[in-house]
Each structure stands twice: as C-alpha cells, then as structure tokens.
Amino acid sequence: MKLIGVLVAALLAGEILAVSIKPAHAAEKIAVVATFSILADMAKQVGGERVAVHSMVGPGSDAHVFQATPADAVTLRRAALVVENGFGFEGWLDRLIEAADYKGQRIVASEGVAPLSQADTDDHGHHQGDKHGLRAADPHAWQNIANGVHYVDNIARGLCNLDKSGCPTYKANGAAYIERLQALDREIKGRLAAIPSERRKVITSHSAFGYFAERYGVEIIAPEGVSTEQEAAALDVAGLIRQIREHDIKALFVENISDPRLIEQIARETGLKPAGRLYSDALSKAGGEADSYIAMMRHNGVAIAEALEAAGR
Ligand SMILES: [Zn+2]
C-alpha cells in the first residue's frame with residue numbers, strides 16, 4: 001500500500017498540470033465511488049443525472065478477493081463520496097482510503113439493517129471452518145429487498161448531505177425506486193410462497209443467500225462459506241453429496257462470481273442438473289440478464305422459483 005501511495009502522488013502531480021489547461025465545467029457531476037456494482041447501480045438510480053458513479057469492483061467480479069490498483073486509488077482520491085456495504089464486506093477499503101489520502105464522505109449502505117450472523121447463514125447448510133469467525137455479520141444483506149430499501153434510503157441521505165440543492169431530486173428518485181423495489185419484493189415472496197415449503201431447497205456455490213433464504217422462505221445450502229476465499233479442494237464433497245440426498249434438495253445453481261467446477265462435480269455425482277446461474281455479489285455487464293439490482297433480484301427469484309416449480313412436476 002505504501003507503493004500505491006507513492007504512485008498516487010506521482011499520478012496526481014501529473015493530473016494537476018492536465019487539469020489546469022481544461023476549461024471549468026458549468027455543471028460538474030458529483031463523483032461517487034461505490035465499492036461494487038450492486039451499490040453503484042443503487043447510487044445511479046438515486047443520483048440520476050447529478051452524479052457520475054464509478055464501481056471499484058466491476059460487474060461479474062468478486063469483491064471478497066479484490067486487489068486495488070494505483071488507478072483505483074486515484075479514482076477514489078478524486079471522489080466526493082464513497083458508498084460501501086459495511087458488515088466487513090470490503091476488508092480492503094480502509095487501507096485503500098488511507099493510501100489514496102481520500103478526504104471525502106463515506107456512506108455505509110447497510111447502516112440500520114439488522115445483520116444475520118455468518119453462523120445463522122451457515123446453519124442452513126454445510127460449511128467447514130471460517131477464518132473470519134462465525135459470529136461476524138453475514139455481509140450479503142442486499143439479497144433481501146427490504147434491506148435494499150434501507151440501502152437506498154442511506155444513499156439518498158448521504159447525497160442530500162453532500163448536495164443540498166439536489167436533495168429534492170434524490171428524495172424523489174429514491175421514493176420512486178423504493179416503490180419498484182417493494183413491488184418486486186412482494187412478487188418474489190408471492191411466487192415462492194406458492195411452492196410447497198418442503199420443496200423449497202436449493203444449493204449454490206457460496207453462502208451469499210442467507211438473507212434471501214430468510215426473507216423468501218427458501219432453504220439455501222452452500223459448500224463454500226460466507227466468503228469465497230476458501231479453496232474448494234478443502235471441502236468435504238462426499239459429505240455435501242450425502243447432505244443433498246438426506247435433505248432431498250431439488251435444485252442446484254452456479255454463481256456468477258464463483259468457480260462453477262465444484263457445483264458441476266456435485267451435479268455429476270447427484271444427478272441434479274444445474275438449474276442456471278444466480279447473481280450473488282455482482283451484477284452482469286450492461287445489457288446482460290442482471291445488469292441492475294432490480295434485474296438481478298428478479299432473475300434470482302424467477303430462476304429459483306422456476307427450478308422448484310419444475311421439480312414438482
Ligand atoms: Zn459473497
């Protein structure tokens with residue numbers, strides 16, 4: 001990180017020269033940095049035309065194992081606002097903020113959300129060992145749309161603090177967005193509630209769906225823990241396959257940010273077919289099937305519902 005600090009200083013020195021010859025913009029957008037793509041989308045929805053949002057961890061990438069570059073530090077240094085998840089999700093952020101000498105505001109999007117512990121999430125499934133300790137909070141709170149509503153409120157409040165004249169816009173954008181989120185929340189709840197509860201069991205790669213499971217009444221088992229850092233090779237695959245048979249699990253999914261090989265091996269050995277892909281910690285690229293938070297939650301809800309409905313036929 002010290003090296004990053006030096007490189008940032010060098011890059012900024014060059015930038016001061018470059019900036020001084022550019023004309024000033026009449027309506028400069030507020031530079032917002034979100035730590036990962038899901039938060040970046042929320043910030044865009046709330047900020048609209050008044051903000052320029054950059055996602056540190058891009059679509060399809062894994063925020064658990066992110067490695068910042070000097071260019072990331074420069075982007076951060078120029079920002080007026082950082083939006084982070086909290087609950088220990090961005091273990092790399094404090095060091096990066098220090099290296100970049102970032103002095104702007106920070107919003108913790110999950111502030112006010114009641115956390116599930118990693119132990120709660122892992123209780124649903126099969127998970128061995130965790131270097132972060134089991135009492136830590138499960139960070140994946142956005143997988144419950146009711147929590148997503150809290151995130152949006154926090155982002156709108158943060159933007160209002162920073163830009164008073166834009167506040168009516170942020171409040172109006174936030175309210176309209178929350179209405180769409182609440183409609184989707186009801187839609188997913190209703191669709192899954194129509195499936196007999198004993199059939200509502202799925203397996204996916206890593207324990208990112210504890211909040212989804214709790215909100216929408218699905219049992220979701222994952223061989224990897226709440227973080228993706230654990231090597232799949234260290235897992236007890238035979239035990240997991242036994243568990244799938246004992247629990248009579250109906251559907252199996254790969255994830256957008258996790259290595260699919262383990263799930264594919266489990267599919268071969270159990271005869272369960274992968275029912276598709278779930279989006280856990282990142283959106284798809286623009287134009288993809290899950291390129292916004294709303295599209296992602298709808299995709300996950302529909303994919304799980306369709307797999308479980310098919311298992312009953
Ligand atoms: Zn995760």
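Helices (H or I, at least four residues) and strands (E, at least two) are DSSP runs, numbered from the N terminus. Residues are numbered from 1 along each chain as its sequence is written. Please keep in mind that this is a predicted model, where local features need pLDDT of at least 70 and side-chain atom pairs count only at pLDDT 80 or more, while totals for chains, interfaces and linings use all residues.

Let us begin with helix 4, which spans residues 93-100. Its buried residues are Leu93, Leu96, Ala99 and Ala100; a residue is buried if 20 or more other C-beta atoms lie within 10 Å of its own, exposed if 12 or fewer, and partly exposed in between, with C-beta atoms placed from the backbone. Seen down the axis of helix 4, these buried residues fall within an arc of 125°, so they line one face of the helix. The arc is that of the directions from the helix axis to the C-beta atoms. Asp94 and Arg95 are exposed on the other side of helix 4. Just after this helix comes Asp101, with a positive phi of about 55°.

Now for helices that pack together. Two packed helices are described by the angle between their axes and the distance between the axes. Axes are lines fitted to C-alpha atoms, for helices over the stretch in contact, and angles run from 0 to 180 degrees between N-to-C directions. Helix 2 (residues 37-47) packs against helix 6 (residues 145-162) at about 55°, with the axes 10 Å apart. That makes helix 2 oblique to helix 6; angles under 35 degrees count as roughly parallel, over 145 as roughly antiparallel, 65 to 115 as roughly perpendicular and the rest as oblique. Met42, Ala43, Val46 and Gly47 of helix 2 make the contact with Tyr151, Val152, Ile155, Ala156 and Leu159 of helix 6, where contact means C-beta atoms, placed from the backbone, within 7 Å.

Helix 6 also meets helix 7 (residues 167-193): their axes come within 9 Å and cross at roughly 175°. That makes helix 6 roughly antiparallel to helix 7. Among the residues that meet here are Ile145, Val149 and Cys160 in helix 6, and Tyr170, Ile178 and Asp185 in helix 7.

Our last stop is His247, in the loop between helix 9 (237-246) and strand 7 (251-255). His247 is partly exposed, because 15 other C-beta atoms lie within 10 Å. His247 and Val202 are 45 residues apart in sequence, and their C-alpha atoms are 9.9 Å apart in space.

Conventions. Two residues are in contact if their C-beta atoms, placed from the backbone, lie within 7 Å.
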